[in-house]
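Work through the exercises below with the structure open beside you. Each task is followed by a solution in steps.

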Amino acid sequence: MRENDKVSVRNILTNYLELNNHRKTPERYAILDAVYSMEGHFTLEELGEKLNGELRFPVSRATLYNTLKLLMEIRLVIRHRFQGTTRYEACYDNNSHCHQVCTICGKVTEFKSIAVTRAINNVRSKRFRKDGFSLYVYGVCSTCQAKLTRQQRKLELDKNNKQQ
């Protein structure tokens, strides 16, 4: 993430905390910095491991959860539910994107689609202002498809060998 973006997200958090009379704690800023240094989607546990291990800034699970909830309120973090797993993602300046979710291995990849973005932007919403979107496309990734194909061929060969 660019340094300007880090300054921007810290300013957004500071302004929100001041406007709502919340405390500006070092834990909140450490969690924000950790979130914005993570690549892609992450779990609460992975964020905790980064803070406790790599960054040597231990925080409780409750503090992590409550801070992520606050960061979601101000749209600096988005929560995803993939295949029964809750994952989070930094979303400053990335409010609109699509995800491919493999229903076999659970792998998630992001992609951008101008056509999808245009379609959503062209939807007329009554009494609603769109801020962004997140689209989930479920299917089978190429790795799992290759495994399925190999398994199917093996079953067919075994069946043919038994018949001979």
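**Exercise 1: two helices**

Task: find which residues of α2 meet which residues of α4.

Solution. Step 1: On the α2 side, the residues are Glu27, Arg28, Ile31, Leu32 and Val35. On the α4 side, they meet Thr63, Leu64, Thr67, Leu68, Leu70 and Leu71. Contact here means heavy atoms within 4.5 Å.

Step 2: Sorted by type, the residues of this contact are seven nonpolar, two polar and two charged. Ala, Val, Leu, Ile, Met, Phe, Trp, Tyr, Cys and Pro count as nonpolar, Asp, Glu, Lys and Arg as charged, and the others, Gly among them, as polar.

Step 3: The axes of α2 (residues 26-35) and α4 (residues 61-73) come within 10 Å and cross at roughly 70 degrees. The two helices are therefore roughly perpendicular to each other (65 to 115 degrees; under 35 is roughly parallel, over 145 roughly antiparallel, the rest oblique).

The model is predicted: local features need pLDDT of at least 70, side-chain atom pairs count only at pLDDT 80 or more, and totals for chains, interfaces and linings use all residues. Residues are numbered from 1 along each chain as its sequence is written, and side-chain values use heavy atoms, with hydrogens and water left out.

**Exercise 2: strands**

Task: state how β1 and β2 are joined, and give the strand order of the open sheet.

Solution. Step 1: β1 (residues 77-82) and β2 (residues 85-90) run antiparallel and are joined by six bridges. Strands pair if DSSP finds at least two bridges between them. Opposite His80 stands Arg87 in β2.

Step 2: The two strands form a hairpin with two residues between them, and Gln83 in the turn has a positive phi of about 45 degrees.

Step 3: The open sheet has three strands in the order β4-β3-β5, with mixed pairing. β4 (108-111) and β5 (133-139) stand at the edges with a single partner strand each, so one side of each is left without a neighbour in the sheet.

Step 4: β3 (residues 96-102) pairs with β4 in the antiparallel sense over four bridges. Cys98 has Phe111 in β4 as its bridge partner.

**Exercise 3: an aromatic pair**

Task: describe how the rings of Phe82 and Tyr136 are arranged.

Solution. Step 1: Their centres are 5.6 Å apart, with 75 degrees between the planes, which makes the pair edge-to-face. Rings pair if their centres lie within 6.5 Å; planes under 30 degrees apart count as stacked, over 60 as edge-to-face and the rest as tilted.

Step 2: Phe82 lies in β1 and Tyr136 in β5, 54 residues apart.

Step 3: Phe82 is buried at 3% relative accessibility, whereas Tyr136, at 29%, is partly exposed (buried is under 20%, exposed over 50%, partly exposed in between).

Definitions and conventions: Axes are lines fitted to C-alpha atoms, for helices over the stretch in contact, and angles run from 0 to 180 degrees between N-to-C directions. Rings of Phe, Tyr and Trp (its six-membered ring) pair if their centres lie within 6.5 Å; planes under 30 degrees apart count as stacked, over 60 as edge-to-face and the rest as tilted. Buried means under 20% relative accessible area, exposed over 50%, partly exposed in between (1.4 Å probe, protein chains only).
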